[in-house]
Every structure is written in structure tokens, then in C-alpha cells.
Amino acid sequence: MSRYLSNRGGTQAQKVRFDEEAIPDEDEVGGTLKLRPSDSNITEDQEPFMGVKVRRKASIHRDYLGDYVDVPSRPYLMKILEKQGDKKVLFADTVLKFTSTGKMKRRILLVTDFAIYIVDPESGALKRRISLAAVEKLCLSELSDNFLAIVIPTEYDLLMASTRKTEIVTILVDATKSQSDYELDVLFSNRFEYNATSELVKEVQFEQVEAGVKTRISRK
């Protein structure tokens, strides 16, 4: 079973459900990002994470569609998957990927039962393929935001923002468990580090403020 860890010291082992707030605009690149506040007023018995994750009420019960870009209608995506020998798409959507310099790029995120794909929607080029077996853990804040870090020890990590973070994490956890006995950690912390490149470590900090959630990304 996958492990859900909070920096408060508790270990949670329950079904993944997160918030789905608005992705920050691209003109908010760098410095501090402010996301709109959550209107959540969830009681303890409604909270699958027992209070670890602050989420919007609307995201508690939400159907998952999986493919939000209609992969079969995009020949360049089908060609990429065919070349890699992947046939089963578990998730597909547009996300914002953070570059090593802190810029945000729109990318198509594909998750299959074997790998994660990052594709440039404008050029149709495959930018990165990550084997699910290479993923060690997922990092998120305990607040209401869209950020998700995928930690890959043998390479460099992936930081992104998505309005469907809930579904992405659920699928990654389930897909990893179905393919191996490996337990994928899901770490909740309002401060975590990730490797933007093999030699560059950055820290993401989250703070609840009156206007919403303030997020700061800085070099270590």
C-alpha cells in the first residue's frame, strides 16, 4: 500500500483525493505566486486525509475522465506512444511545467501504465519520458493549491501545476502499485525540495495568507 506522509509526523494510508484550484497565469512566472483561496469548509469526517490536506468542497466527489485532450484525435501523440510501445493511456491533459529557470511552459502530460510523457503541444515533440519505476515519491503542500512535484532520484525532478492534480496523483499511485510491489510515497509538506536539474536544487514554500495561498520557489 502506498504511504501518505505529513510533515506533522503522521502516516496516512487512504485513497488519494486533493484540491483542484485554478492554474496560475503564465504572467505570474517567478517570484511569488498567489492562488485564489479555497472556499472549503470540510468537516473531519469528510476529510479522507484526516485534515492533512486542505481542499475545496467541490473536489471531494468528482468523476475522473482520464483523457482530457482526446489522444486518438492527435496523430503526433499516437505516434509517440506507438514508437514507445505504449497503448494504454490512463491520463492526458494540459499542465504547466516549471523549467529550471522558473519559467512555466504549457505541456501535455500523458500517463500510461508504464511511463509519464511530457509533450510540447505546439511542436508535437516528446520532451521527456519517465518510467513509472523510476518515480520515488510525490510532493504536495498541505494547503489548497495546484502544485505537484514528481521526484525521480536517477534523473531530475518534475514540478508542475494542474487543476487535475487529484486525478494525476491517484493514477500514478494506482499505476505504480499495479505494475510492481513498490510503495509510492506521497509527501505532504508546506516546504519541500526538488532537483530542477541534476545539479540545481530548489525549495518550494507554501503559506496560507488572506488572499489565498502564497507560493515561493527559490534556489537552495
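Start by selecting Asp-70, which lies in the loop between strand S3 (32–35) and helix H1 (75–84). Helices (H or I, at least four residues) and strands (E, at least two) are DSSP runs, numbered from the N terminus. Asp-70 has a phi near 55°, a positive value in a residue other than glycine. For background, most residues other than glycine have a negative phi, and most peptide bonds are trans. Is Asp-70 buried or exposed, or partly exposed? Asp-70 counts as partly exposed because its relative accessibility is 42%, where buried means under 20% relative accessible area, exposed over 50%, and partly exposed in between (1.4 Å probe, protein chains only).

Before you move on, a word on what you are looking at. This is a predicted model, in which local features need pLDDT of at least 70 and side-chain atom pairs count only at pLDDT 80 or more, while totals for chains, interfaces and linings use all residues. Residues are numbered from 1 along each chain as its sequence is written, and side-chain values use heavy atoms, with hydrogens and water left out.

**Zoom out to the whole chain**

Show the chain as a cartoon and you will find 2 helices and 14 strands. Of its 220 residues, 48% are buried. Now display the surface: the accessible area comes to about 10,800 Å², with 46% belonging to carbon and sulfur atoms (Shrake-Rupley method with a 1.4 Å probe; for residues, only the protein chains shown count as cover).

**Next, select Arg-107**

Arg-107 is found in strand S5. With a relative accessible area of 13%, Arg-107 is buried. Which residues does Arg-107 contact, leaving aside its neighbours within four places in sequence? Among them are Asp-93, Lys-97, Asp-120 and Lys-127, where contact means heavy atoms within 4.5 Å. Try the distance tool from Arg-107 to Leu-126: they are 19 residues apart in sequence and 9.8 Å apart in space, C-alpha to C-alpha.

**Look into the largest pocket**

The largest pocket has a volume of about 200 Å³. On a 1 Å grid over the protein atoms alone, a pocket is an open set of points with protein on both sides within 12 Å along at least five of seven lines, and lining residues have an atom within 4 Å of a point. Of the 15 lining residues, select the closest to the centre: Lys-97, Phe-98, Thr-99, Ser-100 and Tyr-156. Strands S4 (89–98), S5 (104–112), S7 (126–131) and S10 (158–161) each give two or more residues to the lining.

Select strand S12 (residues 191–195) and strand S13 (residues 201–209), which run antiparallel and are joined by 5 bridges; two strands pair if DSSP finds at least two bridges between them. They form a hairpin with 5 residues between them. Pick Tyr-194 and find its bridge partner in S13, Lys-202. A hairpin through 2 residues joins S13 to S14. Here Glu-207 stands opposite Lys-214 in S14, and Gln-205 stands opposite Arg-216 in S14.

Note on methods
1 Å grid on protein atoms, 1.4 Å probe; cavity = no way out; pocket = protein on both sides within 12 Å on 5 of 7 lines; lining within 4 Å. Points joined across faces, edges and corners; volume = space filled by probe spheres on them.
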